Amino acid sequence: MNEVNLLTPTNVREICSALHIQPTKTLGQNFVHDAGTVRKIVSAANVSEGEHVLEIGPGLGSLTLGLLEGGARVTAIEIDPVLATALPATVQGHAPGAPLRVLHSDALKVRSIERLNEAKFADGSTEQWEAPTRLVANLPYNIAVPLVLGVLEYFPTITQLLVMVQTEVAQRLSAQPGSKIYGVPSVKVAWYGHAELAGSISRNVFWPVPNVDSSLVRITRYDADEPGGGAQAPDTAGVDRDLLFEIVDVAFAQRRKTLRSALKKWAGGAEQAETLLAQADIDPQKRGETLGIDQFLALARAAQSRATASGAAHSRASESGAAESGAAAGVEGDAQ
């Protein structure tokens, strides 16, 4: 690949003008135009030479070019049809021969390597690549959390994610129990890996300049051989993830309530909620924001045990009822 020329502020404005693009808040379009910031992001992403990197929302291609400069092979998912069409030409003009594929799609609906392999090169051709091992993206705040959780769920080969998001979102994703910003995203991310803040980004490196600050958050899977890896993984064996996530949603639906009150309706009553909490060794007067992933796992196990016991009791009752019906039918038959 030839030399890569990153986008300048002038390039960004010229491309937008040529494409008749007016950045929209709906799609979270604030384009990075500072080469130093782009290289800072790529460095923080720990990209290796030849690595297949997934990028979501490449926009004009500022970060895309930085990733290519860093030696990555990039599959970019772009929802905006104008940007998706223009990106390959932009990259070819600034990095001729660069290994870039573009998939015009809503990233929230892309859930398999087969779908990713529908991405096209600049000449319209496709090629089968192995699954990506890293996500690097500048994400709009309104879909950042579902996108991150979706990638963690559907692309287990991605061992590390580095996303630039609104600072408040970055803090929520990486928050620890006991803080006011700790909540549903914090716990759900902790199911998959360890999240940490990885730097701040000035609002002045974007065009147009947003009204909020941005930060980088890095998420590393527990079992990943990655810089920043090695965090103690929670024991998720035997726990149904969907049930755990359901409990987390309920526990944080009314943050100011105690867990006994918050879980009352879901558990079938205040006493049932207190019993489950006791089985998980959790004080019923605590609030959801004080529980770590391990305590939520204990609560999910207690709920699963109750469901299993209830199912077994129901099965025994059904068998008993069937036996009694059979006996009664026998008596009626003798009488006839």
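This report describes the sheet, several helices and the salt bridges of a predicted model.

Residues are numbered from 1 along each chain as its sequence is written, and side-chain values use heavy atoms, with hydrogens and water left out. Because the model is predicted, local features need pLDDT of at least 70 and side-chain atom pairs count only at pLDDT 80 or more, whereas totals for chains, interfaces and linings use all residues.

**The sheet**

Helices (H or I, at least four residues) and strands (E, at least two) are DSSP runs numbered from the N terminus. Seven strands form an open sheet in the order 4-3-2-5-6-9-7, with mixed pairing; two strands pair if DSSP finds at least two bridges between them. Strand 4 (100-104) and strand 7 (193-201) are the edge strands, each pairing on one side only. On average, neighbouring strands of this sheet are turned by 20° against each other, direction ignored. Strand 2 and strand 5 run parallel and are joined by two bridges. Leucine 54 has leucine 135, in strand 5, as its bridge partner.

**Helices on the sheet**

Axes are lines fitted to C-alpha atoms, for helices over the stretch in contact (heavy atoms within 4.5 Å), and angles run from 0 to 180 degrees between N-to-C directions. Helix 4 (residues 81-94) lies across strand 3 and strand 4, at about 170° to strand 4. Helix 6 (residues 144-154) packs on the sheet and touches strand 2, strand 5, strand 6 (160-166) and strand 9 (214-221). The direction of helix 6 makes about 175° with that of strand 6.

Helix 6 is mostly covered, with eight of its 11 residues buried; buried means under 20% relative accessible area, exposed over 50%, and partly exposed in between (1.4 Å probe, protein chains only). Among the buried residues of helix 6 are Val145, Leu149 and Leu152. Its buried residues pack against strand 2, strand 5, strand 6 and strand 9, and also against helix 7 (167-174) and helix 8 (184-192).

**Helix 9**

The 13 residues of helix 9 (residues 241-253) should span 18 Å at 1.5 Å a residue, which agrees with the 18 Å between its end C-alpha atoms; the expected span is 1.5 Å times one less than the number of residues. Aspartate 240 caps the N-terminal end of helix 9, with a side-chain oxygen 3.1 Å from the backbone nitrogen of aspartate 242. The buried residues of helix 9 include Leu244, Ile247, Val248 and Ala251. In an α-helix there are 3.6 residues a turn, so residues three or four places apart point the same way.

**Salt bridges**

The whole structure holds 13 salt bridges, each a side-chain nitrogen of Lys or Arg within 4 Å of a carboxyl oxygen of Asp or Glu. The table lists some of them.

| Pair | N to O distance |
|---|---|
| Glutamate 69, arginine 39 | 2.9 Å |
| Arginine 134, glutamate 51 | 3.0 Å |
| Glutamate 130, arginine 73 | 2.3 Å |

Glutamate 69 in helix 3 (residues 62-69) and arginine 39 in helix 2 (residues 35-44) are 30 residues apart, and the pair links distant parts of the chain. Glutamate 69 is partly exposed at 34% relative accessibility, as is arginine 39 at 43%.

Arginine 134 lies in strand 5 (residues 134-138) and glutamate 51 in the loop between helix 2 and strand 2 (52-56), so this pair ties together parts 83 residues apart in sequence. Both arginine 134 and glutamate 51 are buried.

Glutamate 130, in the loop between helix 5 (113-116) and strand 5, pairs with arginine 73 in strand 3 (residues 73-78), so parts 57 residues apart in sequence are tied together. Glutamate 130 is partly exposed, with a relative accessible area of 41%. Salt bridges that share partners also join Glu51, Arg134 and Glu226 into one network.

Technical notes. A polar contact is a pair of N or O atoms within 3.5 Å; within protein, one must be able to donate a hydrogen and the other to accept it, and residues adjacent in sequence count only if both atoms are side-chain atoms.
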